[in-house]
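Grab a viewer and work through these exercises. Try each task yourself before you read its solution.

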Amino acid sequence: MTAAKTMDAKSKESVNCIGRRGFIRSLFGLTGTAVEAIKAQASTELAGEWVWGNLRTGQVGFPSGLTLRKQRPGSTMKIVATAALAEEGLVSPTETVDCTGTTVVHHQKITCQSAHGRVNLMHALGKSCNIYFAHMSARLNGHLFGRYAETMGLNSPIAKRASGPFPASFKDESLFYVLGLAEDLQPNALQLMRLSALVATQGKPPFLHSAEDLEDHEKPAPVTFSASTWKTLSNGMRLCVTEGTAKKLDPENHMHIAAKTGTAQHGTQLQSWITGFFPYEEPHTVFCVWSPSGTSQDAAVPFAKKVLFSTTW
């Protein structure tokens, strides 16, 4: 073997060792049963990605691996839309929309999985009511939505992972951004997890960093929304788990989770997300799961439940 080939082999081995060490460090805080659950899930059709964060230390873990995909976020963007609608006073907390299960907005047929009846902003977030947010998107132009998306970190890297695609300029019409179906807005799991961290800490999360990043970090600038906006967001995410699209995540309320789900079309199949935090009353952990096949209720939620209940947090 030549010297050049020997050096090349040693370099590859060194890189692999660094990757393994980073992966092992990312498992800090998870028991062996949780790791085995992730490995088992990875061998099925519902394999996906999982990230978690410690709200006290800011440490981020990558139990399913260090590579993160960037995909359309689906209804997780209703967190951003809710913040914008509430903070800008574009909707009254008591104002309702009657969800009958289907409607047409801007020549687009919009449907919900079921008729939600009359819902206000908090209930629309918890039940992920497409019809409510489709109607309210008429009050929220794309540029304003983009400003809130930027404020909430959807154009910023996190834990040394680059941001997903983010529009250089948002379109005037916000409907597809609000529903998380726009092609030019595709965050990664860490960025969606940061949304949950913001809600959990009322805009004052720790600096979220990976285990292999040992440098000192400055405290991130807080996101300053009103107390009523944070309350609407946190109560809506809590409702998502108790009555909404994530109600199968913790049906016996063992972990007091608050979360938001999202589903979007990718090619010929559906892909899904769930991001959240727990316990609701005094949050210490945030998480995000992405599943490459199925709706959030069929795929992301069961995956998240399997891992969350496989360890002690």
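Predicted model: local features only at pLDDT ≥ 70, side-chain atom pairs only at ≥ 80, totals over all residues.

**Exercise 1.** Find which residues Y132 touches, leaving out those up to four places away in sequence.

*Solution.* What's left is V91, E95, V97, V119, N120, L121 and A124.

**Exercise 2.** Work out the strand order of the open six-stranded sheet, and what packs on it.

*Solution.* Reading across, the order is 7-2-1-10-9-8, with mixed pairing. Strand 7 (209–210) and strand 8 (258–266) are the edges, each pairing on one side only. Now zoom in on strand 8: its partner is strand 9 (residues 269–278), antiparallel over nine bridges, with Q265 opposite L270. Helix 8 (residues 189–200) touches strands 1, 2, 9 and 10, running at about 35° to strand 9. Helix 10 (residues 296–308) touches strands 1, 8, 9 and 10, at about 40° to strand 9.

**Exercise 3.** Decide where pLDDT stays under 50.

*Solution.* Begin with the average, which is 86 for the protein chain, with 84% of the residues scoring at least 70. Then check residues 1–35: pLDDT stays under 50 there, and the model has 34 contacts beyond four places in sequence for them. Residues 41–46 also stay under 50, with 13 such contacts.

Definitions and conventions: Residues numbered from 1 in each chain as written. Heavy atoms only, no water. pLDDT = per-residue confidence, 0-100. Contact = heavy atoms within 4.5 Å. Pairing = 2+ DSSP bridges. Helix = DSSP H or I, 4+ residues; strand = E, 2+ residues; numbered from the N terminus. Axes fitted to C-alpha atoms, helices over the stretch in contact; angles between N-to-C directions.
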